[in-house]
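Please consult the structure shown here alongside the text.

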Amino acid sequence: MSLTPRFMTWSAHFITLIVPIVSAVEVTIPLTAPSGAASLMGNLVSLSIEQDRWIDWAGTTEPNTFFNNVLDNFIQITNTPPFVRIGADSEDHTDFSYDVEYEEDIFPPSSAIKPYPEATNITVGQGFYNIISNLPNGTQVHWGVNFREYNLTAVYLETVALMNAFSSPAVIEKYITLKFIEIGNEADLYSRNKGRNSSWNVQEYVSQWEELAYNVSITANLSECSYTKLIGAAFAESSHNNLSGFSPQAIFNLGILESPAGQLIETISQHHYSGSFCTGGGAVLQDLMTKSYIRGNISMFSPDIEATLAEGLDYILGETNSMSCHGAPNVSNTAGAALWLLDYTLYATQVGISRLHFHDGIGYKYNLIQPITLNYSILDGSPIAPLAPHVQPAYYAAIIAAEAIGSSGTTQAVEIPIDEDNVSGYAFYEHGILTKAVFINLVAYFSGAGVRNSAHIDFSFTGPGYGPDIMSVKTLEIGYASDTANLTWGGQTYETSDGRVSGSLTVDVLPVCSGVDLQETEAILVTFL
């Protein structure tokens, strides 16, 4: 009887075992805040709202409860409401009329690129401004007026209406305040969008801005002592140190800060998107999420920030998001974009940016929040079953940033050096003492990719004091980078009918010496206990 050796039998059957790759990452974190650590306010992540459909966001005779709830979620975490900027492209297409109660808009046709386009003409009345009283208590506001039309009467009427609204008892009793007036949106693009002729330049801009801003300041009774101040620049691009173009350095060089109105500038605002969908095309989610790409999109403004801080002014991104022209489909509205927003925001603090206003409009693809029921797809404008108000994945990133900052009012943050192409980390300090850390794995994990790899993070600590022994780990759980819903943060969801968090909180309590695993397309908040 012939016997077949067992090893020959095995050779006829191949079993492939796919084992996840776990890379080892060692991080060293100071126990006390290093000199120069960035100070973070609770409203680090704030909003920019497209003005043309402001009444949908705020509500008219009654507040928009869903919108207020999703704003109040931040107040519950940080004791600070998000800063709200109202304006953008449609601020430069707005006129005032005493014959209009709230607003009357004229919209261009919908398109596949912009299913919900901005209005080309907006006529507003006093009620349009009065409904600011519908926002949560303590909200600070940054509101834009029309510079593109260069109409002194129109801007005078808008300014009067603004000041009337913010001096009303309904607004005062809720401590809602007008912190900034912005005069013109992205004036550096006026020669391209027919707001000015082809010879439009920064010298003309400064001259015209000073005239119009002076009239606004007189009408609004602004002064060195007034709470309300002016926003400077609000440019779409920057020529940086090229003084012949549009940049903070260029307008400083032309003496804008010495003019009567320019002396009321307290903050320089820059607008920036990390890419464009204005002509369509195939944006790639992993490109958006890539660590080096995120840093390049922020660090390019370092000369501008340095020049601005040298003048004693704050520097913000007054309008920003992933892809211009309302975002790219299946990129800007995804879970991967949430991780982009979290790393983009936290890295921005490291170069001197004090606040970021993420732009939202009704039906825009990159929104954090969709505040009303939608009847057309945000991706291509096709009819859909009514889609109730809801948050989009990027909202979770804002919540994570808020939880990392907390409510102490003393939070500082530093980036943790990590020698990994797509793993980022940040340490957070309260009263100068290490309290938390955020880690983000920016590798995009997609359906069909097979095994999901991880980075294992081990901790060491430097500086005086004792390192923590125990930590809690809260995880942003994501199925795939391309997911547009069904994320959970610590086992809980914000994808609810009222915008409030739901579900049982889940955190892992671990010894610090065990380290922690961070999957591809994942973020965690570590709290040192």
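The model is predicted, so local features need pLDDT of at least 70 and side-chain atom pairs pLDDT 80 or more, while totals for chains, interfaces and linings use all residues. Residues are numbered from 1 along each chain as its sequence is written, and side-chain values use heavy atoms, without hydrogens and water.

Helices are DSSP runs (H or I, at least four residues) numbered from the N terminus. Axes are lines fitted to C-alpha atoms over the stretch in contact, with angles from 0 to 180 degrees between N-to-C directions.

| Helix pair | Axis distance | Axis angle |
|---|---|---|
| α5 (residues 152-166) and α7 (residues 202-219) | within 9 Å | roughly 35° |
| α3 (residues 65-78) and α13 (residues 394-405) | 9 Å | about 20° |

α5 passes α7 in a right-handed crossing (the near helix is turned clockwise from the far one by less than a right angle). In this contact (heavy atoms within 4.5 Å), α5 contributes Leu152, Val155, Tyr156, Thr159 and Val160, and α7 contributes Glu211, Leu212, Asn215, Val216 and Thr219.

α3 and α13 are therefore roughly parallel (an angle under 35 degrees), and their crossing is right-handed. Val70, Asn73, Phe74, Ile77 and Thr78 of α3 meet Tyr395, Ala398, Ile399, Ala402 and Glu403 of α13.

α13 is mostly covered, with 12 of its 12 residues buried (under 20% relative accessible area, 1.4 Å probe, protein chains only). Gly406, which follows α13, has a positive phi near 70°.

Methods:
Helices (H or I, at least four residues) and strands (E, at least two) are DSSP runs, numbered from the N terminus. Angles under 35 degrees count as roughly parallel, over 145 as roughly antiparallel, 65 to 115 as roughly perpendicular and the rest as oblique. Buried means under 20% relative accessible area, exposed over 50%, partly exposed in between (1.4 Å probe, protein chains only).
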